[in-house]
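Take a look at the chain below.

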Amino acid sequence: MSPSSAGDSTALVVAGDEETRVLLRGLLRLHHFRVVGEAEGAHEAIDLMRQTSPGVLVSDVNLSDGTYSDLLEAAQGAEPRPRVILVVPSSRPHAAADGPLHPDVVLQRPFRIRQFAEALGGPVAETPSA
């Protein structure tokens with residue numbers, strides 16, 4: 001996948017768990033995104049979002065501080081508005097779609113690389129059972 005413009009090719013990764021951040025960063029790089037920042041919690045992520053204006057915000061639902069709702073609110077008020085991908089555990093159906101704020105994509109763990117690529121919003125190359 002190749003992003004359509006320079007702004008679209010930047011990403012911010014947010015997760016309370018370091019291993020999750022490493023995984024998401026690696027997947028973004030695999031799909032030719034430049035990770036412009038990483039944060040453990042919502043407050044740091046909101047500051048980074050204001051500084052870097054990423055094209056994509058990928059956040060795990062588990063954050064060290066704040067909530068994913070705080071992030072969604074900040075992302076929806078950002079200019080330009082990033083594409084928001086929220087990663088949630090499949091063992092616990094998530095209420096991300098219940099409130100007034102919605103991510104662009106809710107991606108349930110575990111997910112396939114193809115599902116992640118589709119969540120990024122671009123064309124996906126056909127691969128055998130990725």
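## The model

This is a predicted model, in which local features need pLDDT of at least 70, side-chain atom pairs count only at pLDDT 80 or more, and totals for chains, interfaces and linings use all residues. Residues are numbered from 1 along each chain as its sequence is written, and side-chain values use heavy atoms, with hydrogens and water left out.

## Overall build

The protein has 4 helices and 5 strands. Helices (H or I, at least four residues) and strands (E, at least two) are DSSP runs, numbered from the N terminus. Read from that end, the order is β-α-β-α-β-α-β-β-α.

Of the 130 residues, 41% are buried, meaning under 20% relative accessible area with a 1.4 Å probe, protein chains only. The accessible surface is about 6800 Å², and carbon and sulfur atoms hold 49% of that. These areas come from the Shrake-Rupley method with a 1.4 Å probe. Now take contacts (heavy atoms within 4.5 Å). Among those between residues at least 6 apart in sequence, 61% join residues at least 24 apart.

## Strand β3

In a regular strand the side chains alternate between the two faces of the sheet. Both faces of β3 are covered. Val-56, Val-58 and Asp-60 are buried on one side, and Leu-57 and Ser-59 are buried on the other. That makes 5 of 5 residues buried in β3.

Which way does β1 run against β3? The two are parallel, joined by 4 bridges. Strands count as paired if DSSP finds at least two bridges between them. In this pair, Leu-12 stands opposite Leu-57 of β3. β3 also pairs with β4, again in the parallel sense, over 5 bridges. Here Asp-60 stands opposite Val-87 of β4.

## The cavity

A search of the whole structure finds 1 cavity of 30 Å³ or more. A cavity is a set of points, on a 1 Å grid over the protein atoms alone, where a 1.4 Å probe fits but cannot get out. The largest cavity holds about 30 Å³ of space. This volume is the space filled by probe spheres set on the points, which are joined across faces, edges and corners.

Which residues line the largest cavity? They are Leu-57, Ser-59, Tyr-68, Leu-71, Leu-72, Val-84 and Leu-86, each with an atom within 4 Å of a point. α3 gives the largest share, 3 residues. By type, the lining has 6 nonpolar residues, 1 polar and no charged. Ala, Val, Leu, Ile, Met, Phe, Trp, Tyr, Cys and Pro count as nonpolar, Asp, Glu, Lys and Arg as charged, and the others, Gly among them, as polar.

Methods: Buried means under 20% relative accessible area, exposed over 50%, partly exposed in between (1.4 Å probe, protein chains only). On a 1 Å grid over the protein atoms alone, a cavity is a set of points where a 1.4 Å probe fits but cannot get out, and a pocket is an open set with protein on both sides within 12 Å along at least five of seven lines; lining residues have an atom within 4 Å of a point.
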